[in-house]
Amino acid sequence: MKKALTIILALLSILCANAQVEEPRSRLELGVSGGMNLSRMEFQPSIRQKMLDGWGGGVSLRYTSEKYFSMICATQLEINYVQRGWEEDFDDGTSNSYIHAIDYVEIPLFAHLSWGKEERGFQFFINLGPQFGFFLDEREYYKGDWQIEERPISLQPIYGKKLENRFDYGIAGGLGLEWKTRAGNFFIEGRYFYALSDIFGNSKTDDFGRSANNTIYARIGYSIRIF
């Protein structure tokens, strides 16, 4: 079911490049972006967490193919580096903490839908589509005076546990505002990623039935028109 949903979203994100409408466009833009993100994991059984802050950035290509009435339709491909992971909330009034940081290369493929000025002025936009991640590195940070043996038995398997699934995939979507000028285009965007994959094994004999990335992004960027 998860794989089928990802395929459907991929097809939707390239629909704009293939549909026949009355007002065709042919515009290619190259962009760069970066910003902060907040991440956590969806675990089953659950683990009490704080949002873990990180950063990321990358490059994008956007091809605008046509205009449906007032909606401008484009396909956007990105390659990003991003820091994700989780921070356990000990909730004991101390400075004790456990952080598991994970680095990924992300490749989102979006349907980019916008409304507003095409040449000079502001556009409101929506990005929606599948996102794929490729594991790069992971790190663990133990802070405070605590021992693994003191933690609840259901949590003990998480400490020192390495990623078992290095390919990550899911659904991403965002809302943003773009300012088009003679010097290029400037934009801000808020985005959310929900993973359909798990970072650990999820069989009946594994420690966790669910271990999925959830990430909120705040990004700023700049793009220029190639043609």
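Start inside the protein, at the lining of the second largest cavity: its residues divide into two nonpolar, five polar and five charged. The classes work like this: Ala, Val, Leu, Ile, Met, Phe, Trp, Tyr, Cys and Pro count as nonpolar, Asp, Glu, Lys and Arg as charged, and the others, Gly among them, as polar. Before you click further, note that this is a predicted model, in which local features need pLDDT of at least 70, side-chain atom pairs count only at pLDDT 80 or more, and totals for chains, interfaces and linings use all residues. Residues are numbered from 1 along each chain as its sequence is written, and side-chain values use heavy atoms, with hydrogens and water left out.

**Stop 1: the second largest cavity**

Select Ser33, Ser60, Arg62, Gln76, Glu78, His112, Phe125, Asn127, Phe187, Glu189, Arg191 and Arg219, and you have its lining. A cavity here is a set of points on a 1 Å grid over the protein atoms alone where a 1.4 Å probe fits but cannot get out, and lining residues have an atom within 4 Å of a point. Strands β3, β4, β6 (121–143) and β8 each give two or more residues to this lining, and β8 gives the most, with three residues. Strands (E, at least two residues) and helices (H or I, at least four) are DSSP runs numbered from the N terminus. The space in there is about 60 Å³; a volume is the space filled by probe spheres set on the grid points, which are joined across faces, edges and corners.

**Stop 2: Gln76**

Now pick Gln76 from that lining; you will find this residue in strand β4. Is Gln76 buried or exposed? Gln76 is buried, because its relative accessible area is 4%, where buried means under 20%, exposed over 50% and partly exposed in between (1.4 Å probe, protein chains only). Show polar contacts next: the side chain of Gln76 makes one of 2.9 Å with that of Arg62 and one of 2.6 Å with that of Glu78. Such a contact is a pair of N or O atoms within 3.5 Å; within protein, one must be able to donate a hydrogen and the other to accept it, and residues adjacent in sequence count only if both atoms are side-chain atoms. Setting aside neighbours within four places in sequence, Gln76 is in contact (heavy atoms within 4.5 Å) with residues including Leu61, Pro108, Phe110, His112 and Arg191.

**Stop 3: the largest cavity**

Four cavities of 30 Å³ or more turn up in a search of the whole structure, and the largest has a volume of about 100 Å³. To find the spot, select Gly56, Gly57, Asn80, Tyr217 and Arg219, which lie nearest its centre among 15 lining residues. β1, β3 (52–68), β4 and β9 each supply at least two of the lining residues; the largest share, five residues, comes from β1. By class, this lining holds five nonpolar, seven polar and three charged residues.

**Stop 4: the nonpolar core**

Time for the greasy part. The largest nonpolar core has 24 residues, and Phe43, Trp86, Ile102, Tyr104, Ile158, Ile199 and Phe200 have the most contacts inside it. A core like this is a set of buried Ala, Val, Leu, Ile, Met, Phe, Trp, Tyr and Cys residues joined through side-chain atoms within 4.5 Å. Two or more residues each come from β1 (23–44), β4 (71–88), β5 (97–116), β8 (184–195) and β9, with β5 giving the largest share, four residues. Centre on Ile102: among the residues it touches, beyond four places in sequence, are Val82, Trp86, Phe135, Leu163 and Ile199.

**Stop 5: Ser211**

Move to Ser211, in strand β9 (residues 210–225). Ser211 is buried, with a relative accessible area of 1%. A polar atom of the Ser211 side chain lies 3.0 Å from the backbone nitrogen of Phe200. Not counting residues up to four places away, Ser211 touches Met41, Glu42, Phe43, Ser197, Asp198, Ile199 and Phe200.

**Stop 6: Gly116, then zoom out**

Gly116 sits in strand β5 and is partly exposed, at 42% relative accessible area. Beyond four places in sequence, Gly116 touches Ile72, Phe122 and Gln123. Draw a C-alpha to C-alpha distance to Glu178: 9.4 Å in space, for 62 residues apart in sequence.

Of the 227 residues, 47% count as buried.

Terms used: On a 1 Å grid over the protein atoms alone, a cavity is a set of points where a 1.4 Å probe fits but cannot get out, and a pocket is an open set with protein on both sides within 12 Å along at least five of seven lines; lining residues have an atom within 4 Å of a point.
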